[in-house]
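Trainee: I have a model open and would like to work through it with you. Could we look at it together and take it one question at a time?

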Amino acid sequence: MMSGKYYATTRPLIRLILALMDRFIPSIRNPFVLDEFTSCKILIVRVEHLGDVISTSSLQKALNQYSPNSKIDIVIANHSKILKGILVGYEKVFIIPSLLFHDRSGASIFYKLINSFKSYYLLKKIISKEKYDCVIFSSHHLYGMQILGLFAKKSIAFSSIGFKFLHSNIAKIGNYSSVIDRTYSLVSCICKGNFNEKDFNYTTIPAQKESEFIVNSPYIVLTISSGDQAKNLTIDDIEDVISDYNINFANIYLVGDLPADISLSDLEERLFY
């Protein structure tokens, strides 16, 4: 039995279980509706990685435009705390320990498990203490702490994670949906209005000025590393980019940590001499 719906897992058995629960276990919670003229207290939960947190500004902007009197908080994980200074538009930014599923540090499994249990406890405490009108679990993956919607007055989650009976509203989502598509889905399932004139863009984020460094000519920035090692650029990758775009060496800026198997001297010798 398959539901025909998209679930954020590649395991057929888990998809089947989620589909059965969604089909046969009804939700007993009334839907949440955000009124554009009243003030609501909303919490967005986004505990994955840097790009996920940044893209959530699309949702924050849309909610602020639709209901300007509402107050929006966000919960992020410790590994994303570097972004706290640019998360404008939020009343409060809560930071909890990284979950086992998202912690890419070299810490032991035992330490990561302890932190994961602590994260769930702290988020439940935040939800209970702050008394939010609604908690939005904005991750479309299974490890976004969505089960804690059980402790919220009202909660919203994506259809891709299943467990729809736990939540007040379910935002429908398909495979390969863009950030803007996901934002539109979340907003449209709680707001009753016209969104054609709303700005869902998430790229206009203010940068912090760290120095007086100024670039007066065209340039390219290459991020050579990420939390997911499979996305790291190798020296060959960097050379290919330089060759394909015919870039002047003087206009290349590399950011990020060097992979363990590449030294700075190797990089300089290969690329700049």
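Trainee: By class, which residues make up the lining of the largest cavity?

Mentor: Good place to begin, and keep in mind that this is a predicted model. The lining includes Leu59, Phe158, Val179 and Leu186, and these count as nonpolar. Arg46 and Arg182 also line the cavity, and Arg counts as charged. By class, the lining comes to 4 nonpolar, 4 polar and 2 charged residues.

Trainee: How many cavities of 30 Å³ or more does a search of the whole structure find, and how much space lies in the largest cavity?

Mentor: The search of the whole structure finds 1 cavity at that cut-off. The space in the largest cavity is about 90 Å³.

Trainee: Which helix gives the largest share of that lining?

Mentor: Look at the lining residues Val179, Arg182, Thr183 and Leu186. Their numbers fall within residues 179–188, and the element there supplies 4 residues, the largest share of the lining. That element is helix 5.

Trainee: Leu59 is in the lining too. How many of the 10 residues of helix 3 are buried?

Mentor: Helix 3 spans residues 57–66 and is mostly covered. Its buried residues include Leu59, along with Lys61 and Tyr66. What covers them includes strand 1, helix 2, strand 2, strand 4 and helix 5. The count of buried residues in helix 3 is 8.

Trainee: Phe158 also lines the cavity. Which residues of strand 5 are buried on each side?

Mentor: Strand 5 covers residues 155–158, and both of its faces are covered.

Trainee: In which sense does strand 5 pair with strand 4 and with strand 6?

Mentor: With strand 4, the pairing runs over 2 bridges, and Val135 has Ser155 as its bridge partner. With strand 6, there are 3 bridges, and Ala157 stands opposite Ile170. Strand 4 and strand 5 pair in the parallel sense, and strand 5 and strand 6 pair in the parallel sense.

Trainee: Stepping back to the protein chain, what percentage of the 273 residues is buried?

Mentor: The chain has 7 helices and 8 strands. It exposes about 15,800 Å², with carbon and sulfur atoms supplying 56% of that area. Buried here means under 20% relative accessible area, and the share of residues that are buried is 41%.

Trainee: Among contacts between residues at least 6 apart in sequence, what percentage joins residues at least 24 apart?

Mentor: A contact here needs heavy atoms within 4.5 Å. Among the contacts you describe, the share joining residues at least 24 apart is 60%.

Note on methods. Residues are numbered from 1 along each chain as its sequence is written. This is a predicted model: local features need pLDDT of at least 70, side-chain atom pairs count only at pLDDT 80 or more; totals for chains, interfaces and linings use all residues. Side-chain values use heavy atoms; hydrogens and water are left out. Buried means under 20% relative accessible area, exposed over 50%, partly exposed in between (1.4 Å probe, protein chains only). Accessible areas come from the Shrake-Rupley method with a 1.4 Å probe; for residues, only the protein chains shown count as cover. On a 1 Å grid over the protein atoms alone, a cavity is a set of points where a 1.4 Å probe fits but cannot get out, and a pocket is an open set with protein on both sides within 12 Å along at least five of seven lines; lining residues have an atom within 4 Å of a point. Grid points are joined across faces, edges and corners, and a volume is the space filled by probe spheres set on the points. Two strands pair if DSSP finds at least two bridges between them.
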